[in-house]
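Biologist: Before we go through the contacts, could you set each label against the rule behind it?

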Amino acid sequence: MRNTLRAMGYHGRFLGQKALGQTNCAEELAQGVFEAKSLIFCLTNGRTGTRSLTSLFDCVPHVHAAHEEKPSFHLLMRWVQRNPALARDFWLFAKIPAISDHPQPVHVDTSHVFGKGFLEPLLDLGARPKLIILTRNTRLIAKSMLALNDFPAAPSARSSGTFHQATLSFTGCPNPTAFPTTSFAIGTP
């Protein structure tokens with residue numbers, strides 16, 4: 001319930017900013033960030049080592065590395081999957097301004113939620129992020145979630161102990177030619 005209220009708060013804030021005519025300024029800021037910074041995101045399931053990857057990037061100079069940093073993708077994920085325009089507003093009015101606040105020229109965000117509705121709107125805004133694709137055996141992911149008593153699905157599935165397959169994978173890449181050739185993948189057994 002709390003996440004729903006936060007998501008509604010974001011949505012209301014975005015509508016207010018659009019009504020005040022702030023879209024052009026937000027789009028200009030986004031283009032400036034895309035030109036000034038190298039953006040790196042993960043396409044992955046949960047429980048694949050994203051927190052460890054963030055720790056590795058924290059050791060690299062001139063990199064701001066974040067794991068599920070606020071403003072968080074996860075608060076809007078389910079809403080964005082039903083209304084992709086909301087993801088565009090999230091980028092323009094929340095995430096990109098937060099990214100611009102960090103002085104480092106490289107921004108790494110290892111949230112596994114990025115690939116569940118936020119990639120395509122970012123591409124539509126003109127960004128060409130680099131992508132890290134992490135993989136892990138689905139059974140090991142499920143065992144890790146079970147050990148944490150984390151069942152990523154509707155509340156009824158949480159109590160029954162079943163997994164919703166859609167939450168165990170990111171959405172497909174819409175257009176592979178839209179990505180830089182320097183993208184790379186890391187797999188774990």
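Modeller: The protein chain has eight helices and five strands, where helices (H or I, at least four residues) and strands (E, at least two) are DSSP runs numbered from the N terminus. From the N terminus on, the order of these elements is α-α-β-α-β-α-α-β-α-β-α-α-β. This is a predicted model, in which local features need pLDDT of at least 70 and side-chain atom pairs count only at pLDDT 80 or more, while totals for chains, interfaces and linings use all residues. Residues are numbered from 1 along each chain as its sequence is written, and side-chain values use heavy atoms, with hydrogens and water left out.

Biologist: What makes a residue count as buried, and what share of the 189 residues does so?

Modeller: Buried means under 20% relative accessible area, exposed means over 50%, and partly exposed lies in between, with a 1.4 Å probe and protein chains only. Of the 189 residues of the protein chain, 44% count as buried. Phe-93, which is in helix H5, has 6% relative accessibility and therefore counts as buried; its C-alpha atom is separated by 8.7 Å from that of Gln-22, 71 residues apart along the chain. Leu-134, found in strand S4 (residues 130–135), is likewise buried because its relative accessibility is 6%.

Biologist: Why is the relation of H2 to H5 called oblique?

Modeller: Two packed helices are described by the angle between their axes and the distance between the axes. The axes of helix H2 (residues 23–36) and helix H5 (residues 84–100) come within 9 Å and cross at roughly 50 degrees, and that makes H2 oblique to H5. Angles under 35 degrees count as roughly parallel, over 145 as roughly antiparallel, 65 to 115 as roughly perpendicular, and the rest as oblique. The axes are lines fitted to C-alpha atoms, for helices over the stretch in contact, and angles run from 0 to 180 degrees between N-to-C directions.

Biologist: How do you know that Arg-88 and Glu-27 meet in a salt bridge?

Modeller: A salt bridge is a side-chain nitrogen of Lys or Arg within 4 Å of a carboxyl oxygen of Asp or Glu, and for Arg-88 and Glu-27 the N to O value is 2.8 Å. Arg-88 lies in helix H5 and Glu-27 in helix H2, so the pair ties together parts that are 61 residues apart in sequence. By this rule the count comes to three salt bridges.

Biologist: Which residue forms a salt bridge with Lys-18, and what does the pair tie together?

Modeller: Lys-18 forms a salt bridge with Asp-89, the closest N and O atoms being 3.1 Å apart. Lys-18 lies in helix H1 (residues 2–19) and Asp-89 in helix H5, so parts that are 71 residues apart in sequence are tied together. Lys-18 is partly exposed at 38%, whereas Asp-89, at 7% relative accessibility, counts as buried.

Biologist: What is the salt bridge of Asp-109?

Modeller: The side chains of Asp-109 and Lys-95 meet in a salt bridge at 3.1 Å, N to O. This pair links Asp-109 in strand S3 with Lys-95 in helix H5, 14 residues apart. Asp-109 counts as buried because its relative accessibility is 1%, and Lys-95 is buried with a relative accessible area of 2%.

Biologist: Why does buried Lys-116 have no salt bridge?

Modeller: The nearest side chain of opposite charge to Lys-116, that of Glu-68, is 8.3 Å away. The side chain of Lys-116 does make a polar contact with the side chain of His-112 (2.8 Å); a polar contact is a pair of N or O atoms within 3.5 Å, where within protein one must be able to donate a hydrogen and the other to accept it, and residues adjacent in sequence count only if both atoms are side-chain atoms.

Notes: Lys and Arg count as positive and Asp and Glu as negative; His and the chain ends are not counted.
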